[in-house]
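Dear colleague,

Please find below the structure I promised to hand over, together with its sequence. My notes on it come after.

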Amino acid sequence: MKADKKQPKEWTWFDHPQNIRRLRLGFYIVLVLLVLPDFFIHKHTLFSPIEGVPGFYALFGFIACVAIILISKVLGYVLKRPEDYYDR
């Protein structure tokens, strides 16, 4: 029998640390560019004075996402069952 030849590992764009840094920097730039117009655009209908603060919706969205992740982790621990739960 022939010995199996090892396949060379296929490198992707994400395997290089330099590319990861570039991607992260690009994401930060996009985030800043998305919040920047908030300082210059007039908001017509405000239901609360806090909505007029520049960047409010970006901060609100970030806090909401963090809350969803934390609540889902707690629910995971509360709803966890033993591995053989359905085998009984």
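This is a predicted model: local features need pLDDT of at least 70, side-chain atom pairs count only at pLDDT 80 or more; totals for chains, interfaces and linings use all residues.

Residues are numbered from 1 along each chain as its sequence is written, and side-chain values use heavy atoms, with hydrogens and water left out.

Searching the whole structure gives three aromatic pairs (ring centres of Phe, Tyr or Trp, the latter by its six-membered ring, within 6.5 Å; planes under 30 degrees apart are stacked, over 60 edge-to-face, the rest tilted). Phe-56 and Tyr-57 are edge-to-face, because their planes stand at 70°, with the centres 5.1 Å apart. Tyr-85 and Tyr-86 also form an edge-to-face pair, at 5.0 Å between centres and 85° between planes. Ring pairs join Phe-56, Tyr-57 and Phe-60 into a cluster.

Tyr-85 is partly exposed at 36% relative accessible area, whereas Tyr-86 is exposed at 74% (buried is under 20%, exposed over 50%, partly exposed in between, with a 1.4 Å probe and protein chains only).

Glu-51 lies in the loop between helix H1 (17-35) and helix H2 (56-79) (helices are DSSP runs of H or I with at least four residues, strands runs of E with at least two, numbered from the N terminus). The contacts of Glu-51, leaving aside neighbours within four places in sequence, are Lys-43, Thr-45, Leu-46, Phe-56 and Tyr-57, where contact means heavy atoms within 4.5 Å.

Best regards
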